[in-house]
Each structure stands twice: as C-alpha cells, then as structure tokens.
Amino acid sequence: MGTLSLSDFQAVKIPVPWGHISGRWYGNRKERPILAIHGWLDNLGTFDRLIPLLPDYLGVLCIDLPGHGRSSHFPPGVYYSIYEYVFIIPLVMKEYGWSKVSLIGHSLGGVLSFVYASLAPHTVDMIVSLDILLPLRNDIDYMGLSIEKQLVNVERQKLGNYSEPPSYTPTQLGKVLAKGSFNSVSPDLAKHLLHRQLTKSKLYPERFYFSRDIRVKHYHYIDIEDGLAAEMARRIIKKPYLIIKGSLSPYLSARCNESISILAKDNPHFEFYEVENGTHHIHLHAAEECASYIVPFIQHHRPPALTSWTVPGKDDRLRKPRGFFTWTNKKRSKL
C-alpha cells in the first residue's frame, strides 16, 4: 500500500442553489472517499500536509465551505452559521449518491461532523475530529457585535458600495495569517492556506487581499448547552470516533468531558490522543504524528480489499501508541 499524492487530484465543483462548492478529490475516485472539512476562515489547503501521509486505497474529498476558499459566497441577506454549514454534508452526499459518509473535520469541520452525526447517525460510519468536539460557548458581546456587522454588510451590499479589503505584500501575508490564527499557523506553513484565498489587488498591483466572504468573520456559531451536548453524544452510539487534541490548544476544554465520556463508554471504536506541544492546527505542524493515529484508524474502519492487505500481527494489534487515552468518570487516564 502506498500513500496519496498531493498532485493527483480532480478539481470538483458541486452545484448548489446559490452557486457551487469547490473541492479537490485526491486519489481513488472509484470508491466512496473520506470527506474532509476545514475550520473557520481556512480552506481545503489546511489538509495539504496530511493528505500525502494517508493510504492511497481510499480517496479523500476536501471541500471549501461556502464563503471560504473557492466556493461560492452566500447570497446577500443570507447569514453564515453552523445551521447552514451542517447541511453541506448531505448536499455533497446527494451529489454523489452516497448512503454513508466518512468524515475528517478540523475545528468548525469537526463541530459539523459531530452535529451531523447526531442528526443522522445511521449515515455516518467513521469520524476523525481534529482538536474540537463542541463549539465554543457563545459570548453575548460577540453576538451583539456580529448582528451589527451583519447589518452593516447588508446595507453595503444593497448600495453596491463594497470597497476592496486591505491588501498585503507576499511577505506580509504569512505574518497576517499567522496573527489571525493566534499563531496556531506559523508564517512558514501559511502558504498551505493562502493559495486558495487570495485575489490580486486592483489598487496596488503588487499586493493581494483575502478573497473569502467578509461576512464569514461574523458567522453565528450554535451554542450547545451541556445537556443538549450529552444527548447528541448519546445518539452517536458506539461509532468509530477518533479525537486528536493539541496540548496547547483551548478548544477541547473541560466542558467536553461529559460528551467524550459518553462517546467512549463501552465503545471499542473510540480513540483519543494528545499531541504534545500541539497548537489548534496540529494537522499542519504535526502532520506526521496525526497520521500515525489516523492511518491505523482508517485501515481498521475502512479497510482495503482483502486481496490488497495483510492482517497485522498480534503484537501490532495490542500495542497502543504514545498519547493514547481512555476516558472514565470524565477524567483522562493514560494507558
């Protein structure tokens, strides 16, 4: 078995009522692929370093969410929120005629995976969640500011007086993106996200600006209170679920413990790992370690045809890699 090639892909445009969802389908296009969904303000380039480490017997379809990357923006007056984003998953499934879906999600993409799996658990056969489970709690001040910003943008669109956003030199772009990610993405890794979200400035020929929809910055993220989160987790019964956390990241906080415990209870298919010194974008800066957990998980739950693989030896099956945790009584205990 080999690994996927970053240059072996088919660019796809999935038609939707407001335009299209843009994506890249890497590797095998004869079987149902894994659907990979990026995080807020990112795009499918976020998986650039992970893709070449994944097994090549399955394809991976990476998409840009609406308003991100090269996907169409929502029409004027339609607001971005998790409510709208989660329905992108069944839209993609319908386009390709899938009755099941395998999901890899980072940040917002991981939240969408959790929400969709709780709504339609019979259609999900595997989930890999990168440094997320539940969305951050809503901040009332943020919600108020979001409403104000959305109304300003509605008026600007109606009047047609959108001006070109701030532009930057190629040297500045990496630093600007790194700062915007709270240094989760270093300037040298920023190129993986920049190549799908830049437009050349018409005012300053040597500069570029971010082409994502400005309204995405003020999207509404659903507030899942603890009781609802627990009930959603209960609907995802004994599902193959892999969570990888960055040790330096705050996105898997203590409020996720109950839901994780429910997902893990009596579930031999649940796995949790922590990447030491990992930031929120662990799949970019620690792609090799993430792949060391993801690849065996994929091979176990979406195995290749019997003619193309060998059963691991007993020692391989029993060995747990560094960083493996089980969850009991809302606490992590290292094995």
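Y251 is partly exposed in this predicted model, with a relative accessible area of 21%. The residue sits in the loop between β9 (241-246) and α8 (257-264). Beyond its neighbours within four places in sequence, Y251 is in contact with D131, I132, L134, L136, C256 and H280. Please note L136 in particular: Y251 and L136 are 115 residues apart in sequence, yet their C-alpha atoms are 7.3 Å apart in space.

Let me turn to the salt bridges. Side chains of opposite charge can pair when their charged atoms come close. The structure holds seven salt bridges, and I shall present three of them.

In one, D125 pairs with R32, with the closest N and O atoms 2.6 Å apart. D125 belongs to strand β6 (residues 124-130) and R32 to the loop between β2 (19-26) and β3 (34-37), so this pair ties together parts that are 93 residues apart in sequence. D125 is buried, at 19% relative accessible area.

Another joins R215 to D213, at 2.7 Å between the closest N and O atoms. R215 is buried, at 2%, and D213 is buried too, at 5%.

A further salt bridge links R234 and E231, at 3.4 Å. These residues are three apart in helix α7, which means that about one helical turn separates them. R234 is partly exposed, at 42%, as is E231, at 40%.

Finally, how does helix α7 (residues 226-235) lie against helix α3 (residues 108-119)? Their axes come within 8 Å and cross at roughly 65 degrees, so the two helices are roughly perpendicular. The crossing is left-handed. F114, V115, S118 and L119 in α3 meet A229, M232, A233 and R235 in α7. Of these contact residues, six are nonpolar, one is polar and one is charged.

Definitions and conventions
Residues are numbered from 1 along each chain as its sequence is written. This is a predicted model: local features need pLDDT of at least 70, side-chain atom pairs count only at pLDDT 80 or more; totals for chains, interfaces and linings use all residues. Side-chain values use heavy atoms; hydrogens and water are left out. Axes are lines fitted to C-alpha atoms, for helices over the stretch in contact, and angles run from 0 to 180 degrees between N-to-C directions. Helices (H or I, at least four residues) and strands (E, at least two) are DSSP runs, numbered from the N terminus. Angles under 35 degrees count as roughly parallel, over 145 as roughly antiparallel, 65 to 115 as roughly perpendicular and the rest as oblique. A crossing is left-handed if the near helix is turned anticlockwise from the far one by less than a right angle, and right-handed if clockwise. Contact means heavy atoms within 4.5 Å. Ala, Val, Leu, Ile, Met, Phe, Trp, Tyr, Cys and Pro count as nonpolar, Asp, Glu, Lys and Arg as charged, and the others, Gly among them, as polar. Buried means under 20% relative accessible area, exposed over 50%, partly exposed in between (1.4 Å probe, protein chains only). A salt bridge is a side-chain nitrogen of Lys or Arg within 4 Å of a carboxyl oxygen of Asp or Glu.
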